[in-house]
Amino acid sequence: QGYTKFDMNQPLFDLCTAWIEDNIDQLNIKAVLCTGDIVEQNDNLDTKQKITNQTGHEMWMAASNAFARLDNKVPYIISGGNHDYGYKRAENGMTYFPKYFPFERNSTWRDILVSAYPNRNGVESIENAAFEFRTPTWGKILVITSEFAPRDEVLNWAKELVAKDRFKKHKVFFITHSFLRERTAERIKEESYKITPRNWGQDIWDKLIEPSSNILMVLCGHTGKPSDDFADAVAYRVDKNHAGKNVHQMMFN
């Protein structure tokens, strides 16, 4: 959201995706994973704030234009963040994500999307979606992304999906916005956002990650402190699931 909230910052977002576009072949990039907060405020008209000089729609357009460099070239998979919902601070589940990131905009999604689940507004959206990859080195991979503080229905959808015979032997990566705290790598147990119903990090672990035998990695963002110390922006831990397999959990903001 730091790249989209001021018009003078928005070229930085373009540079990020331009670099990815330029390196797709050289680095053999198969997918781009984003842990959310691509705007500062989902639905805002006040451009006189200290934290932004853009409306919500101007921020969404900037994010959309940056990702457009990757359309039809490489799949990008985005997990909605708290800034991407409500008015200013995830007061509710309203989001413009499906408007600016419809499934049809990126043809690379067509061959890899295997499932999607409706968002909080009842709209089927790639906020909650699963993408399948087949690689000669890592084998079969399933990447599942989720809305901010996913509802029980979303966790149940993902749990049933990874348990299907088709995906039992896949390596599954789960992307969600809020899961770990910086430095301590403690799973988040409670937050003050009003969006409801919801599940925080520990809930997601208890209801989905630990019971699933093939989810081997969780990627998240959200937390972090404005600091020159790298450790204030990252967290990492490994725990075993019910099948005794290591689950790597990483936060990077």
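This is a predicted model: local features need pLDDT of at least 70, side-chain atom pairs count only at pLDDT 80 or more; totals for chains, interfaces and linings use all residues.
Q: Is A90 buried or exposed?
A: Buried means under 20% relative accessible area, exposed over 50%, partly exposed in between (1.4 Å probe, protein chains only). The relative accessible area of A90 is 0%. So A90 is buried.

Q: What phi does H222 have, and where does H222 lie?
A: H222 is not a glycine, but its phi is positive, at about 80°. Its relative accessibility is 15%, so H222 counts as buried. As for place, H222 sits in the loop between β7 and β8 (234-240).

Q: Is the peptide bond from T196 to P197 cis or trans?
A: Most peptide bonds are trans. P197 belongs to the loop between β6 (171-175) and α5. Omega from T196 to P197 is near -10°. That bond is cis.

Q: Which residues does S64 touch beyond four places in sequence?
A: S64 is part of helix α2, residues 56-67. With 11% relative accessibility, S64 is buried. Contact means heavy atoms within 4.5 Å. Leaving out residues up to four places away, S64 touches Y100, F101 and R105.

Q: Which residues does T55 contact, leaving aside neighbours within four places?
A: T55 lies in the loop between β1 and α2. Its relative accessible area is 15%, so T55 is buried. Beyond those neighbours, the contacts of T55 are N44, L45 and T47.

Q: How much space lies in the largest pocket, and which residues are closest to its centre?
A: A pocket is an open set of points on a 1 Å grid where a 1.4 Å probe fits, with protein on both sides within 12 Å along at least five of seven lines; lining residues have an atom within 4 Å of a point. The largest pocket holds about 960 Å³. It is lined by 30 residues, and the closest to its centre are C34, T35, G36, F252 and N253.

Q: Which element gives the largest share of the lining of the largest pocket?
A: At least two lining residues each come from α1 (10-23), β1 (32-34), β7 (215-220) and β9 (246-252). The largest share is four residues. That share comes from α1.

Q: Which elements give two or more residues to the lining of the second largest pocket?
A: The second largest pocket holds about 350 Å³. Its lining has 14 residues, and nearest the centre are K30, A31, T135, W138 and I141. Two strands supply two or more lining residues: β4 (124-135) and β5 (139-145).

Methods. Residues are numbered from 1 along each chain as its sequence is written. Side-chain values use heavy atoms; hydrogens and water are left out. Grid points are joined across faces, edges and corners, and a volume is the space filled by probe spheres set on the points.
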